[in-house]
Amino acid sequence: MSEKEIDELRSRFAREAMALMERTGEEVTRTRLAAELKIARARLDVVFPEEGDLLEAVTGEWFAPKLAVMDEVMASDLPPPRKMYEFFARRFRLLRQNFRDDPATFNLYVEMGERYFEYARSYIDLGDHYLCELVAEAQAEGFLAGLDVDTAMSLINQMVNCYLQPYMIAMIDDRLSEEKLALIVGAIFDGLDAKDGGARGTQDIRAA
């Protein structure tokens with residue numbers, strides 16, 4: 001088979017594996033998937049030589065819609081505050097809808113993500129790379145003054161963490177909203193910079 005044919009089968013088999021997981025509520029092995037698809041295990045092994053290759057492909061399919069919306073936002077010419085909001089909000093909408101459509105399957109993917117984090121790392125790293133680009137664009141217009149890009153990225157990730165972490169969405173879905181996220185992003189652009197705002201002004205606590 002050509003590389004193109006293998007890539008096409010990789011995507012197709014990964015989607016079939018995801019559909020099977022949604023039906024059974026369990027992780028899928030190559031052996032189980034071959035039996036489900038009624039194909040020879042050897043054919044599946046050509047596409048996924050190692051068990052982890054199937055898991056990696058499933059991870060890629062799960063992240064694909066999230067990557068698509070990030071790419072769409074990054075290609076836009078929105079002003080920095082709106083662009084950063086859309087960067088987070090569009091992924092939040094997808095994750096929230098995934099959870100509400102099928103909480104059990106969503107939690108299965110969360111558990112798998114924790115066990116096989118190495119397969120998700122490259123997608124998370126890409127999100128951080130894009131966020132650094134957004135920070136640089138914002139700083140070019142006078143926002144986030146005095147912060148180096150990595151520090152700004154880390155602070156912003158901490159501020160919006162519950163809107164991007166699947167397990168947090170599963171835990172506190174009803175407390176999260178796009179309106180609250182917009183206020184958080186607004187606060188980032190209104191006041192996040194390197195100046196000491198007084199929160200660290202004393203070394204001890206004294207009675208008033």
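1. Contacts of K66. Beyond its neighbours within four places in sequence, K66 is in contact with R91, L94, L95 and N98 (contact means heavy atoms within 4.5 Å). This is a predicted model, in which local features need pLDDT of at least 70 and side-chain atom pairs count only at pLDDT 80 or more, while totals for chains, interfaces and linings use all residues. Residues are numbered from 1 along each chain as its sequence is written, and side-chain values use heavy atoms, with hydrogens and water left out.

2. Setting of K66. K66 lies in helix α4; helices are DSSP runs of H or I with at least four residues, numbered from the N terminus. K66 counts as buried because its relative accessibility is 7%, where buried means under 20% relative accessible area with a 1.4 Å probe, protein chains only. The C-alpha atoms of K66 and R93 are separated by 9.8 Å, and the two residues are 27 residues apart along the chain.

3. K66 and W62. The side chain of K66 reaches the backbone oxygen of W62 at 3.1 Å. K66 also lies over the face of W62, at 3.9 Å from the ring centre (NZ of Lys or CZ of Arg within 6 Å of the ring centre and within 35 degrees of the ring normal). R91, one of the contacts of K66, lies over the face of F87, at 4.3 Å from the ring centre.

4. Aromatic pairs. Nine aromatic pairs are found in the whole structure; rings of Phe, Tyr and Trp (its six-membered ring) pair if their centres lie within 6.5 Å, with planes under 30 degrees apart counted as stacked, over 60 as edge-to-face and the rest as tilted. W62 and F63 form an edge-to-face pair, 5.2 Å centre to centre with 85° between the planes. Both of these residues are buried; F63 counts as such because its relative accessibility is 16%.

5. F63 and Y123. F63 and Y123 form a stacked pair, 4.7 Å centre to centre with 5° between the planes. This pair links distant parts of the chain, F63 being in helix α4 and Y123 in helix α7 (residues 117–140), 60 residues apart. W62, F63, Y109 and Y123 form one aromatic cluster.

6. Helix α1. The buried residues of α1 include I6, L9, F13 and M21. Among the elements that cover the buried residues of α1 are α4 (51–74) and α6 (103–115). After α1 comes G25, whose phi is positive, near 75°.

Conventions. Buried means under 20% relative accessible area, exposed over 50%, partly exposed in between (1.4 Å probe, protein chains only). Helices (H or I, at least four residues) and strands (E, at least two) are DSSP runs, numbered from the N terminus. A polar contact is a pair of N or O atoms within 3.5 Å; within protein, one must be able to donate a hydrogen and the other to accept it, and residues adjacent in sequence count only if both atoms are side-chain atoms.
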